[in-house]
Amino acid sequence: MIELKKHIEKNKVSRSRLNAEIRDANMKTYPKRNIFVKLRQYANDFLTEKREPRLIAISGLRGVGKTTIMWQTAEIIFKKHSQNIYFLNGNDLKSLGYDLYTVFNIFENDILKKPFYELNEPIVFLIDEIHDLENWDKDLKILYDKCKQAFILCTGSSALLLHRSADLASRMTLVKLFPFRFTEFILSSTWLLNTNNQLFPKTGLGNRLKQALFFSQDITQLKREINILSTDISTYFDQVKQTFSNNTLSYLVDEYISYHNIARFLEIKNKEIINERVINLFERILFKDLPIFDQQANSEILFRLLLRLALSDEVNFQALSRDFGKQNDIEHFIDLLDKAEILNVFLPFGGVKTKTGKNLKPFFMSPSLRRALYTRIYGNDLNDNLRAKLYEDIVAMYLRRTFQKAQLSFGISEKGVSPDFIIETLDKPVVLEVGINKKSSKQITKYGENKRYGIIVNSKIKNATITDQCLFLPLSWFLLL
C-alpha cells in the first residue's frame, strides 16, 4: 500500500503537470474544443455554488481529445477554484494491481487522514480511461455518495463502457465528445500555423443555420433564412481562404473529412501514417475495449465485418450471414460497434414496427475510419462513389451530434426511392440527400412520404439554390452547423 500511496501523492496535480498536459512540445497551449464551455460551466457551478452535476464522464471515440479537454478543465479549476486535484489513470492502476475502492481507502486513511464525509472543502478527481478498472462503476458510486465535496471528471474510450452501470445512471452526466466540427478543424489548423488570427464564424451562426435548415415552416421561409445567413457564411469562408491561401476551400473540406476530423491526428501530415494510426485505433477498440464488456466480441470477426460494411450501403443480413454467422449475432455485433461509437447506425423511417425491423443503415462515426479501410482495398485514389460515402458519414455524424437519435432515420420506399436521411422536426419531417454533384431532386420529390421540404447537400456547388421544393446546399455550408 506504500507504493499506492506514493503513486497517488505523485499524481497530485501541480502547475508544471498542467502545463505539460495542455501544451505541446513547443509550449504552445492546445486549442480548446467547443464542448469545453459546457465542462467549464459544470465545474464553476459546483465549485462556487455546489450545484449538480458533479460527476461527469466524457465519452467518445478514441483519439477525439477526451484526455486533453479533461486537463484543460482541470487547469481552469486549478487557477480559479481549488488546487486539491488528483489524477488517476485506470490503465496505470490496473497495471499496479489496484482498483478504485483501494485507492479511495488510501485517500481516507493516509492522504486526507479523515473520512470523505468529514471533508468541508472541495476535492477534485480526474480519472482517465476509467473503463480499464473492474467494478469502477460501483466504486465510483461509493465515492459519490460518501464525499459530497468531490467533483469527479472521468473519461472512457466509448459510450459502450460508460453506459453499462445502472448504479450511476441517476448520478453521472455523460458528455459525448464527437470528432471535430469543420470550424474546430479550421481553428486548430490556424493554431498549427503559429498565427494569432484565430478563425471563428460569427457567434451563433451554427445554431441559426440549424434553425433555418430544420425548423423552417416551409421552403419559402427556408429560402429567406438561408439568404439572410449567406452573408455571414461568405464572410467566414473569405477569412478561411485568406488565411489558407495555398489551399482551396474544397481541399480543406476534403482534408478535414478524409484525415483530420480526429484530434489526435491533427499534427500528422503524412496520410499513410494517418491511415495506419486509424487502423491501430480500430484494433485497440476491437481487441482491448470490447472484450472487456462483451465476451461474444470476436475481434477478428468484428474487423472483417467493418471492412464489409465500409463497402456497403444498407445491411444485407442474408449476404452477411454466410460469412459472419446467424442474423442475431450480426445484429449484436453491429449494436456493439454502434455503442462503441465506431459505427453510427440509422433505422428506417416509419412507425414502431418499421423501426424495430431488420433494416439498418450503418455509417462510420468518423469518415476517416472508412477512408482508412478503403486504402486496404483501393489504395489512395477513390472514385466519386466511394468518396460520396465519406460525405454521407460526415453528414450522419453532424446529424447525430445535433439531434436525438430517435429523430433520425433513413428513407425507405416500395418504389425504391430511398432518401439518405429523414429528420423529424415540427409537424412534418425534412428529407435530406447527400452527393458529389447531385443536380436532380427526384430522389426527394418522388419519395411519397409526407414531408415539409428537401435538402440536397452537394459537394461541388458554391452557393445555395432552390428547385422543386428542395434546397441545394453546398457541403461546406452544411459543415458550419
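Which residue in β10 is the bridge partner of I422?

Modeller: The bridge partner of I422 in β10 is V431. A note on the basis comes before the rest. This is a predicted model, in which local features need pLDDT of at least 70 and side-chain atom pairs count only at pLDDT 80 or more, while totals for chains, interfaces and linings use all residues. Residues are numbered from 1 along each chain as its sequence is written, and side-chain values use heavy atoms, with hydrogens and water left out.

Strand β9 (residues 421-423) and strand β10 (residues 430-435) run antiparallel and are joined by 3 bridges. Helices (H or I, at least four residues) and strands (E, at least two) are DSSP runs, numbered from the N terminus. Two strands pair if DSSP finds at least two bridges between them. Strands of a sheet pair through backbone hydrogen bonds, either parallel or antiparallel. Both β9 and β10 belong to an open sheet of 6 strands with mixed pairing, in the order β8-β9-β10-β11-β13-β12. Its edge strands are β8 (408-409) and β12 (465-467), each of which pairs on one side only.

Another antiparallel pair is β6 with strand β7 (residues 361-364), joined by 4 bridges. Here V345 has P362 in β7 as its bridge partner. In a regular strand the side chains alternate between the two faces of the sheet. Strand β6 (residues 343-346) is covered on both faces: L343 and V345 on one side, and N344 and F346 on the other, are all buried. Buried means under 20% relative accessible area, exposed over 50%, and partly exposed in between (1.4 Å probe, protein chains only).

Now the helices. L18 is in helix α2 (residues 15-22), and L18 counts as buried because its relative accessibility is 0%. Leaving aside residues up to four places away in sequence, L18 touches V13, W71, A74, E75 and F78, where contact means heavy atoms within 4.5 Å. From C-alpha to C-alpha, L18 and Q72 are 8.1 Å apart in space, although 54 residues separate them in sequence.

S299 lies in helix α14 (residues 299-310) and is also buried, at 9% relative accessibility. Its side chain reaches the backbone oxygen of L286 at 2.6 Å. With residues up to four places away in sequence not counted, S299 touches L286, F287 and P291.

I377, in helix α18 (residues 367-378), is partly exposed because its relative accessibility is 41%. Together with L311 and Y378, I377 makes a nonpolar surface patch of about 260 Å². Patches are made of residues with over 30% relative accessible area and no salt bridge, with like charges joined within 9 Å and nonpolar side chains (Val, Leu, Ile, Met, Phe, Trp, Tyr) within 5 Å. A salt bridge is a side-chain nitrogen of Lys or Arg within 4 Å of a carboxyl oxygen of Asp or Glu. Accessible areas come from the Shrake-Rupley method with a 1.4 Å probe; for residues, only the protein chains shown count as cover.

P53 is in the loop between α3 (36-49) and β1 (55-59), and a cis peptide bond, with omega about 5°, joins E52 and P53. K50 is found in the loop between α3 and β1; K50 is not a glycine, yet has a positive phi of about 60°. K50 counts as partly exposed, at 39% relative accessibility. N135, in the loop between β3 (123-128) and α7 (136-146), is not a glycine either and has a positive phi of about 55°. With a relative accessible area of 41%, N135 is partly exposed.

Notes: A polar contact is a pair of N or O atoms within 3.5 Å; within protein, one must be able to donate a hydrogen and the other to accept it, and residues adjacent in sequence count only if both atoms are side-chain atoms.
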